[in-house]
Amino acid sequence: MSKAVVVGINDSAGSEAALAWALQRAARQKLPVLCVHAVDDRWISPEFQYHELIRQAGTELLEKAKGAAKSQAPDVEVDVQLRQGSPGSALREASAEAALVVVGGHDKHWMDAGPLTDRALQIVSASDSPVVVVPSQPATGTHGVVVGVDGSEESLQAVAFAAAEADRGHDELTVLLAFRSPARWIENQLPSSGLAESIIEENRVVLAESVAGLGDKYPDLVIHQRLETDTEPAKALVDLARNARLLVIGSRGRGGFSRLVLGSTAHAVLLNVPCPTLVTRVHKVKHEA
């Protein structure tokens, strides 16, 4: 049986957008969809009537989502699952057998961006499968696939995924490498050093190496290389991907707890998702200490 596209379901606009995106993806790839809702009743005594009420509400929410899914994509097999515990842990467990996990992005309101409460960040950090975060109001008329690179093995994995995705969808691929140039006062302290030029040239080589071989593997794929020399990587990715069909990023979590640590760029992008954003698996690459 094919692995399912797992969708995190709650009562938010982001959840509805995530379900719609997942159904389109599943229809194209002929995959089933599993809608998961978590009842976080860890701090509720089972003696309270409220315990059963929230389970009933969760079941009704899932049935409503299943009905919406059937009306949107009648040919896609849709199942629902009510789990106990936190949404992050529930979707992490479901990701072990998933082709993909899809969740809605958060709405920026309380405390603006909510880095302490955003469930998407938790899920992306710990998932055993790629995760797509879908903004609650996706842009219309989107096209193209954007991927960020930095020379790491994670970013090379992201490029490989993005190239296959772009080729499959007959899209163009834009590969972006962005970095901050050295502060002018540093350059001024090193007369005739050419430090800034050297860094730019090194990054240009990294960018070229990141796409090496893609033309042979995907001869019909149009590939654009883009180098931003004085922009924070997250800002450059968000700005460039506003009208993209998909943004792909890798995560540079390091150390013994790398599965639970997002790189700063991935973290910043996920707090400002400009379009459906896919984070490749973060725990396969090992780094030297």
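Which residue of strand 10 stands opposite Val248? In this predicted model, the residue opposite Val248 is Leu278 in strand 10. The points below start from the overall model and return to that pair of strands.

1. Overall composition and confidence. The protein chain holds 10 helices and 10 strands. Of its 289 residues, 45% count as buried. Mean pLDDT for the protein chain is 83, with 79% of residues at 70 or more. Among contacts between residues at least 6 apart in sequence, 78% join residues at least 24 apart.

2. Stretches to be treated with caution. Over residues 253–261 the pLDDT stays under 50, and the model has 17 contacts for them beyond four places in sequence. Residues 283–289 also have pLDDT below 50, with 11 contacts in the model beyond near neighbours in sequence. Where pLDDT is low, predicted coordinates should not be read in detail.

3. The 10 strands form an open sheet in the order 3-2-1-4-5-10-9-6-7-8, and the pairing is mixed. Strand 3 (78–84) and strand 8 (223–228) are at the edges; each has a single partner strand, so one side of each lacks a neighbour in the sheet. On average, neighbouring strands are turned by 25° against each other, direction ignored.

4. Strands 1 and 4. Strand 1 (residues 4–8) and strand 4 (residues 98–104) run parallel and are joined by 4 bridges. Within this pairing, Val6 of strand 1 is placed opposite Val101 in strand 4.

5. Strands 6, 9 and 10. Strand 9 runs parallel to strand 6, with 3 bridges joining them, and Val145 faces Leu246 of strand 9 across that pairing. Strand 9 is also parallel to strand 10, again through 3 bridges; here Val248 stands opposite Leu278. In a regular strand the side chains alternate between the two faces of the sheet. In strand 9, Leu246 and Val248 point one way, Leu247 and Ile249 point the other way, and all are buried.

6. Val146. Which residues does Val146 touch, not counting those up to four places away in sequence? They are Thr174, Leu237, Leu240, Ala241, Ala244, Leu246, Leu247 and Val248. Val146 is found in strand 6. Its relative accessible area is 4%, and Val146 is therefore buried. Val146 and Leu246 are 100 residues apart in sequence, yet their C-alpha atoms are 6.4 Å apart in space.

7. Thr280. This residue is placed in the segment after strand 10 (277–279). Is Thr280 buried or exposed? Thr280 counts as buried because its relative accessibility is 6%, below the 20% cut-off. Leaving out residues up to four places away in sequence, Thr280 touches Glu154, Gln157, Ala158, Phe161, Val248, Ile249 and Gly250.

8. Helices 5 and 7. Helix 5 (residues 153–168) packs on the sheet and touches strand 6 (145–148), strand 7 (173–178), strand 9 (246–249) and strand 10. The direction of helix 5 makes about 175° with that of strand 6. Helix 7 (residues 195–210) lies across strand 7 and strand 8, and runs at about 155° to strand 8.

9. Helices 3 and 9. The buried residues of helix 3 (residues 87–95) are Pro87, Gly88, Ala90, Leu91, Ala94 and Ser95. These residues lie on the same side of helix 3, because they cover an arc of only 165° around the axis. In helix 9 (residues 233–240), Ala234, Ala236, Leu237 and Val238 are buried. Their cover includes strand 6, strand 7, strand 8, strand 9 and helix 10 (264–270).

10. Nonpolar cores. The largest nonpolar core has 45 residues, and Val33, Val102 and Leu173 have the most contacts inside it. Helix 1 (residues 13–29) gives the largest share of this core, 7 residues. Beyond its neighbours within four places in sequence, Val33 is in contact with Val5, Val7, Ala22, Leu23, Ala26, Val76, Glu77, Val78 and Asp79. Another core, of 33 residues, lies apart from the largest one; among its members are Ala178, Leu237, Ala244 and Cys275.

Conventions. Residues numbered from 1 in each chain as written. Predicted model: local features only at pLDDT ≥ 70, side-chain atom pairs only at ≥ 80, totals over all residues. Heavy atoms only, no water. Helix = DSSP H or I, 4+ residues; strand = E, 2+ residues; numbered from the N terminus. Buried < 20%, exposed > 50% of the residue type's maximum accessible area, 1.4 Å probe, protein only. Contact = heavy atoms within 4.5 Å. Pairing = 2+ DSSP bridges. Axes fitted to C-alpha atoms, helices over the stretch in contact; angles between N-to-C directions. Core = buried A, V, L, I, M, F, W, Y, C linked by side-chain atoms within 4.5 Å. pLDDT = per-residue confidence, 0-100. Arc of directions from axis to C-beta.
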